[in-house]
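Let's walk through this protein together, one question at a time. Have the viewer open and follow along.

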Amino acid sequence: MDTLKIVLALKPLLEHGIYQNVRSFIKAVDGVFRIADFGCAIGMNTLLTADTIVTAVKSIFIRHCLDVPEFQVHFVDLPSNDFNTLFRTLPPFRGVSGDGRTGLPTPAVHGEDKPPATRSYFASAVSGSHYRRLFPRQTLHFCHSSTSLHWLSQVPRSIEDISSPSWNDGHVYISSDAVADAYLNQFKQDFAAFLGARAEEIIPGGCMFIALLGRNSVDIKEQSGLGACAFHLEAAFLELVKEGLIEEEKLNSFNIPYYGPSVEELKIAVETENSFEIDSVRTLSGFPLHPLLEVGEGEEDMFGRIVGKHYRALFENIVGAHLGWNEYLIDEFFSRIEKRAAAKYGEYLPNTLDLVMGFLLRK
């Protein structure tokens with residue numbers, strides 16, 4: 001998954017939503033404009049997003065001949081996120097007004113795929129699950145979350161219960177209608193908790209931009225790139241079982257805690273929770289799941305190594321925990337991913353991702 005391509009594809013939609021909606025409450029800003037990025041992760045994409053939001057909001061104040069406020073960006077993620085690396089890579093603070101007189105940003109030469117050399121916002125880290133409250137009431141003006149909310153707070157309990165009709169026997173993701181319903185219900189519960197927490201924290205009229213991996217299909221079992229990832233992970237587990245490296249129970253008890261909603265499911269969830277008005281919601285499709293669009297002769301092993309590294313970055317935490325952090329088994333598992341991708345690259349290349357995004361306004 002090329003997250004930079006996703007960030008760049010979302011940028012004009014994010015900016016448009018800000019230009020259209022933030023102006024409605026700018027006169028109520030108390031001198032500090034507060035932004036929270038939920039599921040911020042680390043790296044260049046995190047910094048690009050923060051700069052995009054600050055720059056767009058700042059331009060609105062300038063356009064309306066208002067004093068440019070100070071900006072506070074809260075980077076929010078789970079305790080396992082590498083906040084130390086994030087803050088080591090933050091550009092130096094250049095001040096809020098840019099040139100110190102007009103509030104205009106200091107010109108900076110950088111491409112659209114690179115953050116500027118300096119920043120005009122104060123930064124802080126907030127650690128915790130975004131499915132609960134993390135900020136005082138009505139203190140945030142703008143919230144952002146990208147490629148994070150498809151991760152569930154937990155695996156649906158019923159699919160791990162052998163006596164349940166939705167027991168997911170021998171599979172790691174959606175395998176039947178009953179399992180699909182269990183995943184959808186867990187998503188509804190988690191997303192309602194997210195919206196309810198943000199509704200407490202965002203000022204009336206404040207904005208929220210969300211983008212998560214979803215699907216461009218009404219069929220729940222058609223899970224786009226998420227389903228493809230699950231298929232390849234399940235194949236790796238099956239190989240370990242067949243080779244006697246793990247018991248079959250290890251496969252039966254492993255399920256992936258994510259879910260890709262449709263646009264309609266997202267709309268219904270927002271309307272049911274009823275704290276936010278939907279400004280816009282849409283699907284973006286066709287993002288390559290894997291890093292190469294084609295594999296030439298002799299490039300198979302390279303492709304396998306890239307895919308193995310990619311899957312390890314995405315899934316090592318949950319696979320490692322399930323395997324008891326046995327380094328040998330973890331290495332063997334991702335070695336199977338790598339070898340399978342090299343041998344059957346034709347199964348991997350067509351896989352694409354769908355994004356579901358929405359711009360929401362606090363009622």
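Q: How does K221 count: buried, partly exposed or exposed?
A: This is a predicted model, and its values are computed from the predicted atoms. Buried means under 20% relative accessible area and exposed means over 50%. K221 has 38% relative accessibility, so K221 counts as partly exposed.

Q: Which residue forms a salt bridge with D219?
A: For this pair, the closest N and O atoms are 3.9 Å apart, and a salt bridge requires a distance within 4 Å. D219 itself counts as partly exposed at 31% relative accessibility. The partner in the salt bridge is K221.

Q: How many salt bridges does the structure hold?
A: Among them is the bridge between D219 and K221. Another joins E265 to R215, and a further one joins R137 to E200. The total for the structure is 14.

Q: How many residues apart in sequence are the parts that E265 and R215 tie together?
A: The closest N and O atoms of E265 and R215 are 2.8 Å apart, which makes a salt bridge. E265 lies in helix α7 (residues 263-273), while R215 is in the loop between β5 (202-214) and α5 (224-242). The pair therefore ties together parts whose separation in sequence is 50 residues.

Q: Where does E200, the partner of R137, lie?
A: R137 and E200 form a salt bridge, with their closest N and O atoms 2.8 Å apart. The pair links distant parts of the chain, 63 residues apart. R137 sits in the loop between β3 (122-127) and β4 (140-146), and E200 is in helix α4 (residues 177-201).

Q: What is the relative accessible area of E200?
A: R137 is exposed, with a relative accessible area of 56%. E200, by contrast, is partly exposed. Its relative accessible area is 32%.

Q: Which residues are linked with R137 and E200 in a network of salt bridges?
A: The bridge between R137 and E200 belongs to a network of salt bridges.

Q: Which residues is L134 in contact with, leaving aside its neighbours within four places in sequence?
A: L134 lies in the loop between β3 and β4. Its C-alpha atom and that of L195, 61 residues apart along the chain, are separated by 12 Å. With near neighbours in sequence left aside, the contacts of L134 are F38, V76, V126, S127, G128, S129, R198 and E201.

Q: Is L140 buried or exposed?
A: L140 lies in strand β4. Leaving aside neighbours within four places in sequence, its contacts include R34, A36, F38, H74 and F135, along with E201, I202 and I203. The C-alpha atoms of L140 and H74 are separated by 9.6 Å, although the two residues are 66 apart along the chain. At 0% relative accessibility, L140 counts as buried.

Q: What is phi of Q138 near?
A: Most residues other than glycine have a negative phi. Q138 is in the loop between β3 and β4. Its phi is a positive value in a residue other than glycine, near 50°.

Q: Where is W325 found?
A: W325 also has a positive phi in a residue other than glycine, near 55°. W325 is partly exposed, with a relative accessible area of 47%. Its place is the loop between α8 (300-322) and α9 (327-343).

Q: What is the radius of gyration of the chain?
A: There are 10 helices and 7 strands in the chain. For 363 residues the globule rule gives 21 Å, and the chain comes close to that, so it is as compact as a globular protein of that length. The radius of gyration is 22 Å.

Q: What percentage of the residues in the chain is buried?
A: Among contacts between residues at least 6 apart in sequence, 82% join residues at least 24 apart. The chain exposes about 16,400 Å², with carbon and sulfur atoms supplying 51% of that area. Of the 363 residues, the buried share is 50%.

Technical notes
Residues numbered from 1 in each chain as written. Predicted model: local features only at pLDDT ≥ 70, side-chain atom pairs only at ≥ 80, totals over all residues. Heavy atoms only, no water. Helix = DSSP H or I, 4+ residues; strand = E, 2+ residues; numbered from the N terminus. Rg over C-alpha atoms; globule rule 2.2 N^0.38 Å. Buried < 20%, exposed > 50% of the residue type's maximum accessible area, 1.4 Å probe, protein only. Contact = heavy atoms within 4.5 Å. Areas by Shrake-Rupley, 256 points an atom, 1.4 Å probe, with all protein chains shown as cover. Salt bridge = Lys/Arg side-chain N within 4 Å of Asp/Glu carboxyl O.
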